[in-house]
Amino acid sequence: MNELVVGLDERSYPIYFQRNILEIIGIDLQKRNFGKKLAVISDEKVASLYGARLMESLNNAGLQAVLLTFPEGENNKTLETIGTLASAMAREGFDRHDAVIAFGGGVSGDIAGFLASAYMRGIPFVQIPTTLLAQVDSSVGGKTGVDIPEGKNLLGAFYQPRAVYIDIGFLKTLPEDELLGGMAEVIKYGVIRDREFFGFLERNRQALLQLDTELLTETVFRCCKIKAEVVAEDEREGDIRRILNYGHTIGHAVESASDFRLIHGLAVSVGMAAAAEISHGMGQLAGEERDRVIKILTDYNMPTRVPVNLDRKRIRKYLLTDKKVVDGSVFFVLPQSIGEVFITDQIEETLVDEVIGG
């Protein structure tokens with residue numbers, strides 16, 4: 001298996017890249033003495049596609065495992081779901097010597113990671129992400145959490161996995177909107193940190209959308225490398241890690257105002273375009289750079305405007321309850337140029353109103 005390491009001293013962990021991971025995951029976890037009993041946490045859709053194969057791999061390696069599922073979708077990323085899963089684990093006799101496997105997309109990873117952080121005051125977990133967004137972003141870095149009516153991810157914990165296992169073969173069954181949502185997070189890395197990578201994404205759009213194995217593997221690896229470097233430098237988002245929120249300030253508000261009908265990655269695409277427009281309006285981002293950012297999103301068939309049917313008052317309300325609000329000020333990550341961003345709360349309200357519209 002190819003490997004990257006997220007360097008966090010005693011909390012460091014590997015990111016493994018391996019095709020056909022379900023054939024070997026049981027043996028690998030058994031060798032690592034990961035836990036005497038494993039709770040596999042997955043949404044119902046991923047469990048229907050891959051659950052039997054994962055459980056077979058675990059059982060064949062002599063591991064005791066229980067598959068626990070919840071309904072698919074961001075609307076189920078709640079404390080109620082955490083409570084239901086925790087109760088199921090308690091009934092199954094899980095204790096502090098056991099462990100959790102997060103199996104699925106970003107929602108599954110957030111739920112399973114938060115559950116692991118809280119159950120018996122913390123038990124180990126590993127990530128097996130099955131979506132592009134989860135593979136390049138949410139499975140790495142230790143952010144876990146759930147939503148409440150007032151906003152997205154307002155309850156959670158920084159809780160690092162013991163390992164992340166990435167198999168791009170899972171992406172073959174992704175719906176198109178989920179693939180595009182993941183590509184939004186991929187493009188984010190080019191804007192915030194790597195101009196050359198941004199150009200790579202511009203040149204290879206067609207092949208990536210057709211899931212070219214070699215190019216997709218390189219893409220996922222490069223994204224994970226960037227995120228691992230940023231997280232190692234700033235684990236708890238006190239400084240540089242905040243750049244990973246590019247597109248997420250307005251993106252989260254739009255996603256929440258849509259009642260999560262607009263999936264996370266596509267909402268982030270709207271937020272990235274909005275941030276580019278705001279930066280240009282402030283005289284920071286050159287017009288041709290703004291145009292490149294918006295063009296690549298459009299070329300990848302992603303939205304760049306706030307949907308006309310969304311309530312603008314709700315969007316503004318969610319902006320003010322976002323995690324990135326400090327002392328009543330909304331902080332934005334804005335591009336200075338492709339490959340470099342800055343963080344500020346010094347934005348004229350008219351610029352925000354212009355990109356939100358309505």
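**Strands, helices and a pocket**

Modeller: Strand β2 pairs with strand β9 (residues 163-166) in the parallel sense, over 3 bridges. Please keep in mind that this is a predicted model.

Colleague: Which residue of β9 stands opposite Phe 17?

Modeller: Phe 17 stands opposite Ile 166 in β9.

Colleague: And what about β1, how does it run relative to β2, parallel or antiparallel?

Modeller: Strand β1 (residues 2-6) and β2 run antiparallel and are joined by 5 bridges, and within this pairing Glu 3 stands opposite Tyr 16 in β2. The two strands form a hairpin with 6 residues between them, and Asp 9 in the turn has a positive phi of about 55 degrees.

Colleague: Which way do its side chains point?

Modeller: Tyr 13, Ile 15 and Phe 17 point one way from β2, while Pro 14 and Tyr 16 point the other way, and all of them are buried. In a regular strand the side chains alternate between the two faces of the sheet.

Colleague: Changing topic: what lines the second largest pocket?

Modeller: The second largest pocket has a volume of about 240 Å³, and its lining consists of Arg 316, Leu 319, Leu 320, Val 330, Phe 332, Asp 345, Ile 347, Glu 349, Val 352, Asp 353 and Ile 356. By class, that lining has 7 nonpolar and 4 charged residues, with no polar ones.

Colleague: Which helix gives the most to it?

Modeller: α14 gives the most to the lining, with 4 residues. Both α13 (312-320) and α14 (349-356) supply at least two residues each.

Colleague: Let's stay on α14, then. Which of its residues are buried?

Modeller: Leu 351, Val 352, Val 355 and Ile 356 are buried in α14. Seen down the helix axis, the buried residues of α14 fall within an arc of 130 degrees, so they line one face of the helix. On the other side of α14, Glu 349 and Glu 354 are exposed.

Colleague: What covers the buried residues of α14?

Modeller: The cover includes α10 (248-257), α11 (264-281), α13 and β12 (332-337).

Colleague: And what follows α14?

Modeller: α14 is followed by Gly 357, whose phi is positive, near 75 degrees.

Colleague: What about Val 308, is it buried or exposed?

Modeller: Val 308 lies in the loop between α12 (287-299) and α13, and at 80% relative accessibility Val 308 counts as exposed, because the cut-off for exposed is over 50%. Val 308 and Gly 283 are 25 residues apart in sequence and 27 Å apart in space, C-alpha to C-alpha.

Colleague: One more: what does His 264 touch?

Modeller: Not counting residues up to four places away in sequence, His 264 touches Leu 133, Lys 152, Glu 185, His 248, His 252 and Glu 255. His 264 is found in helix α11, and at 15% relative accessibility His 264 counts as buried, because buried means under 20%.

Colleague: Where does Glu 185 sit, and what is Glu 185 in contact with?

Modeller: Glu 185 is found in helix α6 (residues 176-193) and, at 0% relative accessibility, counts as buried. Leaving aside neighbours within four places in sequence, Glu 185 is in contact with Leu 133, Val 136, Asp 137, His 248, His 264 and Val 268. Glu 185 and Arg 195 are 10 residues apart in sequence and 15 Å apart in space, C-alpha to C-alpha.

Key:
Residues numbered from 1 in each chain as written. Predicted model: local features only at pLDDT ≥ 70, side-chain atom pairs only at ≥ 80, totals over all residues. Heavy atoms only, no water. 1 Å grid on protein atoms, 1.4 Å probe; cavity = no way out; pocket = protein on both sides within 12 Å on 5 of 7 lines; lining within 4 Å. Points joined across faces, edges and corners; volume = space filled by probe spheres on them. Nonpolar A, V, L, I, M, F, W, Y, C, P; charged D, E, K, R; others polar. Buried < 20%, exposed > 50% of the residue type's maximum accessible area, 1.4 Å probe, protein only. Pairing = 2+ DSSP bridges. Arc of directions from axis to C-beta. Contact = heavy atoms within 4.5 Å.
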